[in-house]
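Subject: Structure for you to look at

Hi,

Here is the structure I promised to pass on, with some notes on what turned up in it. Please have a look at it first, then read on below.

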Amino acid sequence: MTKSKHIRHAARAAVSRVPGVLAVVLLAAILYLSIAGFPAWVASRVMARVNSAGSVVLNFGGMRLSPLRMDLILEDARIYRKKVVGPAAVEARQLVISLDLVAMMKKEMFVRRIKMVDGTVRPKLCSGPDIPQEGPDESARKAAFAVELENCLIQGVNVTSLSADLHIEGVVVRFDNIGGTLSHGNMRGDVSGQLIYNDKERILDGRLLTQLDPRLLIPVMNEWDLPGTVDLVSRFDFPRRPPKCEMTFRKLNHGLGDFSLDGKFAMQECSYRGVD
């Protein structure tokens, strides 16, 4: 074999190994990012990019990659509403963000799902004064992705598990196909339906189906300043089976007690002030 043939043979052998070497390097990088997480400077750049526009501020303690589903995991995440003084509107031990890499390369909406684990949501701090925006008008905002909650606290009620389809169109935020389990103390129940919130008008509209002890929602009623409703539901006891309820409601966030409700209730084997 001539010298030139040796060189060509060695070159072909080297080129044939390139895909394997790249695959090993890529696998090693993914493994490293899943264990050690992204460097601090990368996390700082992500936060700066997110916080440069919009009406919220995002902070988190660490960021790593989940290699099995290509999820981005934010550790000790906190979300604040700009120009609202107080604790974080949303905080979680983990925010798991599922990404669509193909959509990302096409510069399309690339978030498929956001899962919050061991978190707290403070609805009163989620809305605030309008923030002047640069670039596209706020009414042009559009986004759609799935939302999941696991062991989260909302206004004193524990959300054991919940899923919904989130749609954002301008100032309107819509939660479709809600399905989940709530608990408080030794009470537990199921909820499904739809919620629509208009961030400009500060109006929350809901259509819900529930099968739960209404006393489970007393912490929410207290937050919404509904003492009469708290007094009414406290008189009932459901020793065996919680009531079913189909309801529509509207909550105005301009002041306390601005609440209207219409619905159907089905109760069996209940007592009122200790009388069956």
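Let me start with D199, which lies in the loop between strand 9 (187–198) and strand 10 (203–211). Helices (H or I, at least four residues) and strands (E, at least two) are DSSP runs, numbered from the N terminus. With a relative accessible area of 14%, D199 is buried (under 20% relative accessible area; exposed is over 50% and partly exposed in between, with a 1.4 Å probe and protein chains only). Its side chain makes a polar contact of 3.2 Å with the side chain of R81. A polar contact here is a pair of N or O atoms within 3.5 Å; within protein, one must be able to donate a hydrogen and the other to accept it, and residues adjacent in sequence count only if both atoms are side-chain atoms. Leaving out residues up to four places away in sequence, D199 touches R81, S127 and V171, where contact means heavy atoms within 4.5 Å.

A word on the source: this is a predicted model, in which local features need pLDDT of at least 70 and side-chain atom pairs count only at pLDDT 80 or more, while totals for chains, interfaces and linings use all residues. Residues are numbered from 1 along each chain as its sequence is written, and side-chain values use heavy atoms, with hydrogens and water left out.

Now the overall picture. The protein chain has five helices and 14 strands, and 35% of its 276 residues are buried. Of the contacts between residues at least 6 apart in sequence, 49% join residues at least 24 apart. The accessible surface is about 17,100 Å², with 59% of it belonging to carbon and sulfur atoms (Shrake-Rupley method, 1.4 Å probe; for residues, only the protein chains shown count as cover).

Next, the strand pairing, where two strands pair if DSSP finds at least two bridges between them. Strand 4 (residues 90–99) runs antiparallel to strand 5, joined by nine bridges, and I97 stands opposite I114 in strand 5. Strand 5 (residues 111–121) also pairs with strand 6 (residues 142–154), here in the parallel sense over seven bridges; V121 has I154 of strand 6 as its bridge partner. Strand 6 then pairs with strand 7 (residues 157–169) in the antiparallel sense over twelve bridges, with C152 opposite V159 in strand 7. These two strands form a hairpin with two residues between them, and Q155 in the turn has a positive phi of about 50°.

Finally, the aromatic rings. Rings of Phe, Tyr and Trp (its six-membered ring) pair if their centres lie within 6.5 Å; planes under 30 degrees apart count as stacked, over 60 as edge-to-face and the rest as tilted. The count comes to four aromatic pairs. One of them is F236 with F238, stacked at 6.2 Å centre to centre with 10° between the planes. F236 is buried at 19% relative accessible area, and F238 is buried at 10%. The rings of F249 and F259 have centres 5.9 Å apart and planes at 35°, so this pair is tilted. It links distant parts of the chain, with F249 in strand 12 (residues 244–252) and F259 in strand 13 (residues 259–266), ten residues apart. F249 counts as buried at 9% relative accessibility, whereas F259 is partly exposed at 27%. W224, F249 and F259 form one aromatic cluster.

Best wishes
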